[in-house]
Amino acid sequence: MQIFLDTANLEHIRHGVDLGVISGVTTNPSLVSKEGKVDYKALVKEICAIVPGPVSTEVLSQESAGMIAEAREITTWAENIAVKIPSTLEGLEATSVLARENVRVNVTLCFSLNQAMLAAAAGAAFVSPFVGRLDDIGEEGMQLVVDIVDYLRYYDLPTRVIAASIRHTSHCLSASKAGAHIATVPYKVLLQMIEHPLTDAGVRRFADDWNKVMGDSGILP
Ligand code: G3P
C-alpha cells in the first residue's frame, strides 16, 4: 500500500518526502484553508514540485461545467496534478468528460459502493472512500474500502482506491488488509506509524549496554 500525506502544509510535506515514504499528497479546501489565506496556485505548484507523485487538488465549483473549467486550468499547473471531484451527479459528468481528456480524476467524498462503481465507470483514476467520516456516523467505514477493492478486483478495473479520512494508525492497518492501493494519512498519523514503546526501550537498552562496557566510544573516530 502506498502512503500519501493528507495535508497542504509545506513543512509536513517536505518532512514526509525527506523520510522517503510519501508517494503522493491529497489536499482539499478545508486543508488548504488551515494554511491561512494563501496563493492557492502558488501553493499547489510548490507542493507538486516537492512531491514525487500525484497531488490531488480539489475543484470548488458545484456544477459540471465549472468543475471541468477549473480542472482544465488546474492541470496546467504541474504534470503530477490529480483533480479531486466530488461524488455528485454533476461531479460524475465532469469526471467522464475529464477522464476522456486523460485528466487523472480523484473522485472524492465517496460514501457508498454505488458512488464508487459510477466513479470507476466514468473513468476515475482514483476513488476516495472517507473512512473516518463514516465511522463518525456509526457505520463501519473500512467495510466500504473492502467492498470497493473487491468490486474493482472482480471486474479488473483500473481505478485505484485511496482510503481517506484516516484518523489513526488502526485505520492504516485495516486499509492495507482491505487491499487499498493507497492510504492518505494526516501528518500526525504518519509520525504515529513509526512509534513503538518497545523500539524506544530497545534503543535505550542497546545504548546503555554498550556504554557500560565500551564507554561512549562509537564506531566512528
Ligand atoms: O482525504 C480526505 C480527508 O481530508 C478528510 O478527512 O478527517 O476531514 O474526515 P477528515
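First, the ground rules. Residues are numbered from 1 along each chain as its sequence is written, and side-chain values use heavy atoms, with hydrogens and water left out. Because the model is predicted, local features need pLDDT of at least 70 and side-chain atom pairs count only at pLDDT 80 or more, while totals for chains, interfaces and linings use all residues.

Start with the overall picture. The protein chain has 11 helices and eight strands. Those are DSSP runs numbered from the N terminus: helices are H or I with at least four residues, strands are E with at least two. Along the principal axes, the C-alpha atoms fill a box of roughly 70 × 40 × 30 Å. The chain has 221 residues, and 45% of them are buried. Buried means under 20% relative accessible area, exposed means over 50%, and partly exposed is in between, with a 1.4 Å probe and protein chains only. Now contacts, meaning heavy atoms within 4.5 Å. Take those between residues at least 6 apart in sequence: 56% join residues at least 24 apart.

On to the core. Which residues touch the most other members of the largest nonpolar core? They are Ile47, Val145 and Val185, in a core of 57 residues. A nonpolar core here is a set of buried Ala, Val, Leu, Ile, Met, Phe, Trp, Tyr and Cys residues joined through side-chain atoms within 4.5 Å. Helix H8, residues 141-154, gives the most to this core: seven residues. Look at Ile47. Setting aside neighbours within four places in sequence, Ile47 contacts Ala8, Leu10, Ile13, Val25, Thr27 and Val55. Another core lies apart from the largest one. That one has five residues, including Ala82, Phe126, Ile162 and Ile182.

Cysteines next. How many disulfides are there? The count is zero, where a disulfide is a pair of cysteine sulfur atoms within 2.5 Å. Cys110 is in none, and the nearest cysteine sulfur, on Cys172, is 19 Å away. Cys110 is buried because its relative accessibility is 0%. Cys48 is buried too, at 7%.

Now the rings. The whole structure holds four aromatic pairs. The rule covers rings of Phe, Tyr and Trp (its six-membered ring) with centres within 6.5 Å; planes under 30 degrees apart are stacked, over 60 edge-to-face, and the rest tilted. One of the pairs is Tyr40 with Trp77, edge-to-face, 5.8 Å centre to centre and 90° between the planes. What does this pair tie together? Tyr40 sits in helix H3 (residues 40-50) and Trp77 in the loop between helix H4 (64-74) and strand S4 (81-86), so the pair ties together parts that are 37 residues apart in sequence. Tyr40 is partly exposed, at 23%. Trp77 is buried, at 12%. Then take Tyr154 and Tyr155: centres 4.8 Å apart, planes at 80°, so they too are edge-to-face. Tyr154 is exposed at 66%. Ring pairs also link Tyr151, Tyr154 and Tyr155 into a cluster.

Next, the ligand. Which residues are around the ligand? Asp6, Asn28, Leu31, Lys84, Phe130, Arg133, Ala164, Ser165, Arg167 and Thr184, where near means a heavy atom within 4 Å. A polar side-chain atom of Arg133 is 2.7 Å from a ligand oxygen atom. Ser165 also places a polar side-chain atom 2.7 Å from a ligand oxygen atom. For Arg167, a side-chain N or O atom lies 2.8 Å from an oxygen atom of the ligand.

Over to Ser64 and Glu93. Ser64 is in helix H4 and is buried, at 9%. Beyond four places in sequence, Ser64 touches Glu90, Glu93 and Ala94. Glu93 is in helix H5, residues 89-100, and is partly exposed at 46%. Glu93 and Ala119 are 26 residues apart along the chain, with C-alpha atoms separated by 9.8 Å.

Last, the backbone. Most residues other than glycine have a negative phi. Asn102 has a positive one, near 65°. Asn102 lies in the loop between H5 and strand S5 (105-110) and is exposed, at 71%. Leu109 is also positive, at about 55°. Leu109 lies in strand S5 and is partly exposed, at 30%.

Key:
A polar contact is a pair of N or O atoms within 3.5 Å; within protein, one must be able to donate a hydrogen and the other to accept it, and residues adjacent in sequence count only if both atoms are side-chain atoms.
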